[in-house]
Structure formats: structure tokens, C-alpha cells
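The sequence and structure are shown below.

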Amino acid sequence: MQYIDYIVQHYGWQGTALAGVILLLFFIQLYYHIVVYGRVARFRNSRRRKIHDAEPPISIVIPIFSEDYNYLDTRLHDIMGQQYPTNFELVLVYVGADNDYFEELNKMRLRYPNLVVTRIYEPRFPITVKLALNIGIKSAHYEHIVITTADAAPASEQWLATMGKAFMRGNIVLGYTAIEPAKGLTNYLIRMSRMQISTYWLASAVNGRTYRGSRHNFGFTKSLYFGNKGFTHLNMAIGENDLFVQSIAKRNNVSVALVPKGAMVEGQWGGVKWWINHLHHYGEAYRFYPIAARNEAEWEIGSQALFFLTVLTALIFMPLEFKAAALLLLIIRYIAVVVRARSIAKRVGEKGVVLRYFIFDLFNPLMMICLRIAMLRKDSTAWK
């Protein structure tokens, strides 16, 4: 009490309240970055009980919505070149009317006997990803399904083996997807944003409260899929990697593959505006997330923004010793954030994270505010 009286006498009630708010936000931030997100760095999937003695045969399902000939020359070969200890197949579902492209897909079957090609096209109504995936899952020969997209490529030849090992310990498998590294600050910010957003759902998944995965890198069994009567929220063109996963995930049936060689790598198709629009589009499903998942993400980013603002207020208006204390808390928080970011980056295979992380740490709250403003407007392309 004497210490509190001393603070009140020197800084007034306003300064005392400011100090209390700064300390509260500081400890909230430490809780998130040390306790909540620390689970991701500490997680070991090998501690889970095995449900299979070996990697099961796997069907990879990929919908293709454009005549991307570059895909045939690059990413398709990366998929088919996977080093997998047992059988696997790739099921391509082409959504389009280009007969020449469909013929090129079929020619690939001469080179890859384990390639299955099917086609769906109906000009009278749009074909969604869910419908294309449903066709692919029904065409698959194996019980264990891995979903990815034509926009991503495996980080290594061991990607599928990593997913297969994860299936030995769960009927749902979640993997990480990175943004392809490139020169420039924009690429760095988008890569770190992908890692941070993935950290939210990874932290929940390793804690047994799964609510989403990466749309480029997740899997499940046919039994779960058909037992759930297929995908949910059929009035939406999105949701296969989150709303559907929520409907089949239990506390003990999700296996998380946190190994760099088990990641997928997605290309960067634009700048920050593209990234915000991308997050907005898939964020239409956010309103259906569990309240605990939404609160956890929003409390973290909100407490970060408020912590920065209160420290800035102290640096502008308060006496020197108050400024020094606020600055010290800011530095301690940043050290905790960088240590956490480095440990998670190591788990998922992100490189070159630490040196510029202060830029992302400052920029991310602003980007998330822009996203929340954008989400006030409904994205009609996410709905049927």
C-alpha cells in the first residue's frame, strides 16, 4: 500500500491508472507468447498414441480451376516425386471446359500410373471447391485423404511421408503452409503474417481444441468424411479447412505435423492489398468459429495494440523514470516475442525471421485493424 501511495503522490491517479494498465497488458502479452504460443514450440506429435503401425496408403486430392500449364511442368512433378514408403495416388479434379488441357492432364497418366484424373463442368452453375473435392474424394481409392491445392508445392520430397507418419497417430492431420520466400519487405510481412495466423490455430490444435487447418495441407479419413455426410455450410464456397474440420475434430483424433519437411509452400500472388483481400475472403467463415477461438486471437492482437498505445502515452507525457520503466517493459515483451517467433519458425521451417521481426511486430496490429474494417463488408465471392 505504501508503494501504491508513493506512485499516486508522484504521478497522480491518471499516472497510477496508466501504470496499472501497462502492467496488465504486459502480463497478458507474456501469457500469450510464453504460455499459449509456447505450446507450439514444445509440442511433440511422437508423444501421442499410435493407431496404426505404419504409414497408410494415401490419396492426395487437388482441384484445378484454371488451365495452368506451369503446374503440369513444376508443382505436379513435385507431388508425384514424393518419397513415400507405401502406396499413394494423386487425384486431380479439373473444373473447366478446355479439352486440350484435360487431354494434357490425361497424358500425364502415361508417366505416372498412380495419377487419377477426373473432370467436372457445368456452365449453368458455378462449381465450388467443396463440390470438386467431393468428386475427388469419391474417386479416391484409399481411406486416408490429403487435401492440397494447385497453388502450393511440397517443401521437400518427405512432405507426404510426414503426413503419413501423422496419420499413424490421428484420423485428422494438420500441416503448415508457408508463403514462398522472395526479396522485399512486402514478402517478409506476408510470410510473418501467415506464420502468426497459423500460430493461432496451431496453438489450439496442439491443446486439443482444433478449429481449423491450412487449406493447402490437411487430411482426414473417408470414414470421417462420409460419416459427417460430407462438407458442412454448403451455402459457402469456403470452409472445407475450418468449418468442416470443426465438425469432425475431437480432442483425441487430431494429429499435427510440425516438421519443416512436412510443410507446403504457397506462391505470393500479390502485395499487401492482395493479402488483406485473401484474408478477408477466407475470413468470411470466421463468424462461425467457436467463441473461445475468436476471443483468443482478438485478445492477443487487441492487447498488443493497447500495450503499444499506453507505452507511447507514457513516453510522451510521463516523467523520465516512468518512461524508462515503460520502455523496459516494451523491451522485455519484444524479447519474449522474438524468442517465441524464432522457436515456432524453427518448427515449421521459416527462415530469416528474427532480424526484421520488429517491423512485423509494429505493422501487424495495423494490418489486422485494416482486415477487421474490410470484414465489415461482406465478401459475396465466399458465398454461393
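## Basis of the model

The model is predicted: local features need pLDDT of at least 70, side-chain atom pairs count only at pLDDT 80 or more, and totals for chains, interfaces and linings use all residues. Residues are numbered from 1 along each chain as its sequence is written, and side-chain values use heavy atoms, with hydrogens and water left out.

Buried denotes under 20% relative accessible area, exposed over 50%, and partly exposed in between (1.4 Å probe, protein chains only). In a regular strand the side chains alternate between the two faces of the sheet. Helices (H or I, at least four residues) and strands (E, at least two) are DSSP runs, numbered from the N terminus.

E4 pairs with E1 in the parallel sense over four bridges, and Ser-59 stands opposite Ile-145. Four bridges also join E4 to E8, but these strands run antiparallel; here Phe-220 in E8 is the bridge partner of Ile-145. Two strands are taken as paired if DSSP finds at least two bridges between them.

## The sheet as a whole

These strands belong to an open sheet of seven strands, in the order E3-E2-E1-E4-E8-E6-E9, with mixed pairing. Its edge strands are E3 (115-120) and E9 (254-257), each of which pairs on one side only. Direction ignored, neighbouring strands are turned by 20 degrees against each other on average. Strand E6 (residues 172-175) runs parallel to E9 and is joined to it by four bridges; Val-173 has Ser-255 as its bridge partner in E9.

Helix H5 (residues 99-111) packs on the sheet, touching E1 (58-64), E2 (88-95) and E3, and its direction makes about 160 degrees with that of E3. Contact means heavy atoms within 4.5 Å. Axes are lines fitted to C-alpha atoms, for helices over the stretch in contact, and angles run from 0 to 180 degrees between N-to-C directions.

In helix H6 (residues 129-139), the buried residues are Lys-130, Ala-132, Leu-133, Asn-134, Gly-136 and Ile-137. Their cover includes E1, E2, E4 (144-147), E8 (218-221) and helix H9 (222-227).

Arg-333 lies in helix H13 (residues 320-348) and is buried, with a relative accessible area of 1%. Leaving aside neighbours within four places in sequence, its contacts include Phe-26, His-33, Phe-307 and Asp-361.

## The loop between H9 and H10

Lys-229 is in the loop between H9 and helix H10 (243-248). Its phi is positive, about 60 degrees, although it is not a glycine, and at 78% relative accessibility it counts as exposed. His-233 lies in the loop between H9 and H10 and has a positive phi near 50 degrees; with a relative accessible area of 30%, His-233 is partly exposed.

## The largest pocket

About 730 Å³ of space lies in the largest pocket. Of the 32 residues that line it, the closest to its centre are Ile-197, Arg-212, Leu-279, Met-368 and Leu-371. A pocket is an open set of points on a 1 Å grid over the protein atoms alone, where a 1.4 Å probe fits, with protein on both sides within 12 Å along at least five of seven lines; lining residues have an atom within 4 Å of a point. Grid points are joined across faces, edges and corners, and the volume is the space filled by probe spheres set on them.

H12 gives the most to the lining, with six residues.
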